[in-house]
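Let's take a walk through this protein together, one element at a time. Have the sequence and the 3D view open as you read.

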Amino acid sequence: MSIALQNQAEVHAALAHAPIGAMIIDEAGVISWANQAVAALLGEPDPAALRLTLAFVWLPEDDAEVLRQMLDMFFAAPVDARPTWSRVVPIQTMEGIRQTAELTLTCAPGDFDKRALLYFQSLTRQTIAEKRFSQVFENLPLGALVVDTRQRIVQVNSALASEFGYPREELVGQPLETLLPARCRPAHREHVEGYVARRHRG
């Protein structure tokens, strides 16, 4: 009993300040614990107020029914073979605000064999954040770009495109080296390889 409580306390502590919404639910969908992020997403100031309510109440009836069926399948499976399930759904907060969220049902770590973790990630907030980033990025007074892990250009602002005299569409997907003089390319490769090696060493 004390081991279970210790594990539960550790799980609660790990999820309490997570940036993603999380709740622990039983087979019937009854919430036994929720973090601040999910409470804020659902429009409830106090996560404790979500206890003993049903996880389905914020979902449209069709999506609520799918979650009920998934819970049945989840808890019918052996603990080590329980499937992780995700679905994008509309949710309605207590203030009546509609948002889009991705729900993920998965096993809870520790001694939670009769419980599951249900994560809520707001896609509405993520979309707003991405739009804000794009607006700030585009309106920077100096040239800026974003590259991926292979050093390919994935995003360019207007200032950089005009500085180098390329249409933006032509730069996206090109190696970063396209913008470097030929004499600087070997040194740039060395710098990138050194940076990647240092990151892998920790």
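How many residues does helix α3 have, and what distance does it reach from its first C-alpha to its last? Before the answer, please keep in mind that this is a predicted model. Helix α3, residues 61-76, has 16 residues and reaches 23 Å between those two end atoms. That is close to the 22 Å expected at 1.5 Å a residue.

Now turn to the sides of this helix. Buried in α3 are D63, A64, L67, M70, L71, F74 and F75. They cover an arc of only 120 degrees around the axis, which puts them on the same side of α3. The face turned away from the buried side of α3 carries the exposed residues E61, D62, M73 and A76. And what covers the buried residues? The cover includes the strands β1, β3 (85-92), β4 (98-107) and β5.

The structure holds 1 aromatic pair. Its rings are those of F74 and F75, with centres 5.1 Å apart and planes at 80 degrees, so the pair is edge-to-face. Another ring, that of F56, has a charge over it: the charged end of R68 sits there, 4.5 Å from the ring centre.

Let's move on to β1, one of the strands that cover the buried residues of α3. Is β1 largely enclosed or open? All 5 of the 5 residues of this strand, 21-25, are buried, so β1 is largely enclosed by the rest of the structure. G21, M23 and I25 point one way from the strand, while A22 and I24 point the other way, and all are buried.

Which strands pair with β1? One is β5 (residues 116-122), joined to β1 in the antiparallel sense over 5 bridges; there, G21 has F120 as its bridge partner. Another is β2 (residues 31-34), which also runs antiparallel to β1, with 3 bridges between them. In that pairing, I25 stands opposite I31. The hairpin of β1 and β2 has 5 residues between the strands, and G29 takes a positive phi near 90 degrees in this hairpin.

A108 and I25 are 83 residues apart in sequence, yet their C-alpha atoms are 9.5 Å apart in space. A108 is found in the loop between β4 and β5, and at 9% relative accessibility this residue counts as buried. Leaving aside residues up to four places away in sequence, A108 touches R115, A116 and L117.

L52, in the loop between α2 (36-42) and α3, has a positive phi of about 70 degrees although it is not a glycine. With 67% relative accessibility, L52 counts as exposed. Q151, in the loop between β6 (145-147) and β7 (153-156), is not a glycine either and has a positive phi of about 65 degrees. At 22% relative accessibility, Q151 counts as partly exposed.

Conventions:
Residues are numbered from 1 along each chain as its sequence is written. This is a predicted model: local features need pLDDT of at least 70, side-chain atom pairs count only at pLDDT 80 or more; totals for chains, interfaces and linings use all residues. Side-chain values use heavy atoms; hydrogens and water are left out. Buried means under 20% relative accessible area, exposed over 50%, partly exposed in between (1.4 Å probe, protein chains only). Helices (H or I, at least four residues) and strands (E, at least two) are DSSP runs, numbered from the N terminus. Two strands pair if DSSP finds at least two bridges between them. The expected span of a helix is 1.5 Å times one less than its number of residues. The arc is that of the directions from the helix axis to the C-beta atoms. Contact means heavy atoms within 4.5 Å. Rings of Phe, Tyr and Trp (its six-membered ring) pair if their centres lie within 6.5 Å; planes under 30 degrees apart count as stacked, over 60 as edge-to-face and the rest as tilted. A charge sits over a ring if NZ of Lys or CZ of Arg is within 6 Å of the ring centre and within 35 degrees of the ring normal.
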